[in-house]
Amino acid sequence: MSDGVAARGFTLTGPMLASADMLSLFSDQAAVQRMLDFEAALARAEAAHGVIPADAVAAIVDCCDAARIDLPALAQAAAAAGNLAIPLVKQLTAAVLRDDAEAGKYVHWGATSQDAIDTGLVLQLRDALSLVAADLAALAGALASLARVHRDTTMVGRTWMQHALPTSLGLKAAGFLDAVLRHRQRLQQVRGRALALQFGGAAGTLASLGDKGLAVAATLAQDLGLSLPDLPWHTQRDRVAEVATVLGLLTGTLGKMARDISLMMQTDVAEAAEPSAPGRGGSSTMPHKRNPVGCAAALTAAARVPALVSTMLSGMVQEHERALGGWQAEWDTLPDIVLLTSGALRQMRDVAAGLQVDAARMRANLELTHGLIMGESVMLALGAAIGRMAAHKLVEQASQEAAASGRHLREVLGENADIGRHLSPEALDRLFDPANYRGEAGAFVDRVLSRYEQSEHENKPGTETRP
């Protein structure tokens with residue numbers, strides 16, 4: 001991978017575990033550029049309020065270009081300095097001094113390292129959350145299509161990994177969609193809280209700017225397109241921890257979706273398959289293999305992200321006005337969460353959009369237990385006549401006999417005179433049709449699809465989005 005798209009912790013495996021767009025957003029050069037964007041906007045805001053000379057701005061802004069920064073030297077110097085901003089400001093100042101000795105006096109005026117690092121991160125998060133929102137919208141659309149098309153596609157419902165009762169593929173897709181819709185709400189809400197300027201100076205008081213601090217902060221926030229918080233949040237880390245937690249919840253849902261689809265892809269089940277493409281899902285030695293590689297990426301993220309979220313939550317306990325370790329623990333952790341989530345989301349978006357469904361195999365799998373899956377249906381119908389417990393005992397005995405003999409439960413029940421007195425052959429036939437025992441699955445699908453369609457309407461340009 002080129003240096004232009006290299007991200008911390010992600011090298012050759014980057015394209016497997018993160019989206020290309022997100023890798024670019026969190027490259028070393030992009031991270032530095034976002035801190036420099038803060039420095040450029042700071043100079044403009046301070047000049048606007050007479051804190052620094054107006055003629056110093058152009059030279060500072062011109063030098064706020066990551067291409068002019070020696071990244072290897074920056075990394076080496078940061079090891080001794082304790083953060084990236086200190087050597088970055090030194091390099092920036094040196095560059096400005098070379099162009100304009102007077103302007104060089106006003107680089108980073110009144111700010112502190114954490115202001116540049118945190119605001120740079122928030123600027124990265126703004127773009128990152130927009131990418132997540134776009135992919136979530138695409139995933140929601142793909143899941144809505146699956147739920148709509150397969151509203152009445154009957155399949156085995158499984159509990160404890162065993163055949164339970166009939167359900168529908170539409171209901172399974174609607175379950176995923178239902179969660180995705182909640183994540184879209186969470187994402188919108190967290191943007192409002194997290195995309196806030198960080199600007200407090202050395203101890204969070206802006207004392208270095210005299211009586212101009214609040215005015216500079218307001219102009220700086222407006223310049224960067226960020227909200228202006230009531231006060232700096234140097235050691236109040238709930239904003240970034242909430243981003244991590246929301247992404248952790250999303251990754252868990254993507255992992256659940258990946259788990260179900262990968263289980264449905266098992267050779268012995270074969271109810272669904274990821275979309276195929278040249279070079280996708282093959283084996284280095286077995287030509288027949290078609291592995292669930294998209295699901296694997298999502299499950300990898302789902303295994304890694306919870307511990308990273310835990311690190312973010314643990315890091316919230318910070319000392320006084322500047323942290324010793326907790327803040328620093330965020331630097332690689334939060335980008336890794338964003339990158340992993342982006343990869344899982346992009347993979348599952350593509351899997352959902354191209355999922356190949358074998359409805360015939362689903363019907364065949366419904367018969368694998370030779371009718372045992374319909375035992376509850378018969379038991380409840382019979383219970384209306386003889387009581388639930390008595391009916392349960394009769395159907396349980398018949399089920400054991402059917403399992404022991406390898407016969408179909410319908411056949412065994414049809415021979416039982418006690419059952420025949422209450423259920424006709426036609427009634428038994430109806431009770432053994434899985435399509436007749438999906439309960440409210442269709443109604444549940446319709447309700448989720450209605451909410452999806454409402455959310456799509458509310459998110460159209462020019463319409464007000466529900467909070």
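## Cysteines

The sulfur of C64 lies 7.3 Å from the closest cysteine sulfur, that of C63, which is too far for a bond. This is a predicted model, and a disulfide would require the two sulfur atoms to be within 2.5 Å. By this rule the count of disulfides is zero. C63 is accordingly in no disulfide, the nearest cysteine sulfur to it being that of C64.

## Helix α13

Helix α13 spans residues 359–366, and its buried residues are M362, N365 and L366. These residues lie on the same side of α13, because the arc they cover around the axis is only 105°. The elements covering them include the strands β1 (154–159), β2 (162–168) and β4 (356–357), together with the helices α8 (169–194) and α10 (238–264).

At the start of α13, the backbone nitrogen of A360 has a side-chain oxygen of D358 within 3.3 Å.

## Second largest pocket

The second largest pocket holds about 450 Å³ of space. Elements that contribute two or more residues to its lining are β1, β2, α8 and α10. Of these, β1 gives the most, with five residues.

In total, 20 residues line the second largest pocket, and those nearest its centre are V156, G157, R158, M161 and L263.

Terms used:
Residues numbered from 1 in each chain as written. Predicted model: local features only at pLDDT ≥ 70, side-chain atom pairs only at ≥ 80, totals over all residues. Heavy atoms only, no water. Buried < 20%, exposed > 50% of the residue type's maximum accessible area, 1.4 Å probe, protein only. Helix = DSSP H or I, 4+ residues; strand = E, 2+ residues; numbered from the N terminus. Arc of directions from axis to C-beta. Contact = heavy atoms within 4.5 Å. Polar contact = N/O pair within 3.5 Å; in protein donor to acceptor, adjacent residues only side chain to side chain. 1 Å grid on protein atoms, 1.4 Å probe; cavity = no way out; pocket = protein on both sides within 12 Å on 5 of 7 lines; lining within 4 Å. Points joined across faces, edges and corners; volume = space filled by probe spheres on them.
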